[in-house]
There are 2 protein chains.
Amino acid sequence: MKRQTDPDVRLLQGAADPTRLAILRQLTADGTVCACEFTACCEVGQPTVSHHLRVLRESGWVRAERRASWVYYSIEPKAVARFRELAGGLEAGGGSPFAPAAATAANAAAGRRLPVVQPA
Amino acid sequence: MKRQTDPDVRLLQGAADPTRLAILRQLTADGTVCACEFTACCEVGQPTVSHHLRVLRESGWVRAERRASWVYYSIEPKAVARFRELAGGLEAGGGSPFAPAAATAANAAAGRRLPVVQPA
DNA sequence: TCTCGATTTCGACAAGTATCAATACCGCAA
DNA sequence: TTGCGGTATTGATACTTGTCGAAATCGAGA
């Protein structure tokens, strides 16, 4: 595993964990959540929750805000926007979006024979 | 690290690697790509590419099709659909519950109805 | 100031993963 | 059949990551 410098990879890795996905889901549902809430929902120890929150922070998924003794977390809109860009950028084949002609042209331009096989 | 049974987590983990993201991007650009192409673009050995292609296969991202001596890969539309469901379900700013894992997986498995409660 | 509760950080361990070299497998052609 | 080229698997190794217990930090209030 080499160091992940690609911010997109970091973003994806940030969400690619069951505990962190649960955290993101709760944040999506409740908006702003106290750190102490996650300990209950995620079935892991409190230091582990803190660790995951740090990963989410460093990958840009969440922001933290301190109020008195508690720290409240909320989702970073920029992360959601980028995530949606990634989703939108993946134009898959099959049903519609990806143009077979374009694909064929690209493959030909790549300098290979590539008889493009269309998935059923 | 426990086994990831959540299909959403598996999907995210499938894409959360620089090599695999590069593969997905090339597949997005070219539609259908011979396995031998990835060895060139990803700067890793052939067994490593094969390993990543297997991970992408098992997480549902790609499908493989054999033509003579070559194996052609293309993106699985269902994976893209579910990825978009996840992106759409993440609503920044809070106040929008989005489908939990089971529901999302079920929706993806059903393959027709759209999921996720969209906030007003 | 000290104490208390919430949170983070540290140290360590276990488990997963990415990578490569070597090897096996699979179609095709001679 | 054998040989060949492309692809997948195996075994080994190093790195990364998730987890917990213990200690440290931080803010508020007595």
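Colleague: Which residues in H3(A) meet which residues in H4(A)?

Modeller: In this predicted model, Ala35(A), Phe38(A), Thr39(A) and Cys42(A) of H3(A) are in contact with Gln46(A), Val49(A) and Leu53(A) of H4(A). The residues of this contact comprise 5 nonpolar, 2 polar and no charged.

Colleague: Why are H3(A) and H4(A) called roughly perpendicular to each other?

Modeller: Two packed helices are described by the angle between their axes and the distance between the axes. For H3(A) and H4(A), the angle is about 115° and the axes lie 9 Å apart. Angles of 65 to 115 degrees count as roughly perpendicular, and H3(A) and H4(A) are therefore given that description. The crossing of H3(A) past H4(A) is right-handed.

Colleague: What makes a residue of H1(A) buried, and which residues are these?

Modeller: A residue is buried if 20 or more other C-beta atoms lie within 10 Å of its own. In helix H1 (residues 7-15) of chain A, the buried residues are Val9(A), Leu11(A), Leu12(A), Gln13(A), Gly14(A) and Ala15(A). They pack against H2, H4 and H5 of chain A, and also against H1 and H2 of chain B.

Colleague: Which helix gives the most to the surface near DNA strand C?

Modeller: H4(A) does, with 6 residues. H3 and S3 of chain A and H4 of chain B are among the elements that each supply at least two residues.

How values were computed. Residues are numbered from 1 along each chain as its sequence is written. Chains are lettered from A and ligands numbered from 1 in the order in which they are written. This is a predicted model: local features need pLDDT of at least 70, side-chain atom pairs count only at pLDDT 80 or more; totals for chains, interfaces and linings use all residues. Helices (H or I, at least four residues) and strands (E, at least two) are DSSP runs, numbered from the N terminus. Axes are lines fitted to C-alpha atoms, for helices over the stretch in contact, and angles run from 0 to 180 degrees between N-to-C directions. Angles under 35 degrees count as roughly parallel, over 145 as roughly antiparallel, 65 to 115 as roughly perpendicular and the rest as oblique. A crossing is left-handed if the near helix is turned anticlockwise from the far one by less than a right angle, and right-handed if clockwise. Two residues are in contact if their C-beta atoms, placed from the backbone, lie within 7 Å. Ala, Val, Leu, Ile, Met, Phe, Trp, Tyr, Cys and Pro count as nonpolar, Asp, Glu, Lys and Arg as charged, and the others, Gly among them, as polar. A residue is buried if 20 or more other C-beta atoms lie within 10 Å of its own, exposed if 12 or fewer, and partly exposed in between; C-beta atoms are placed from the backbone.
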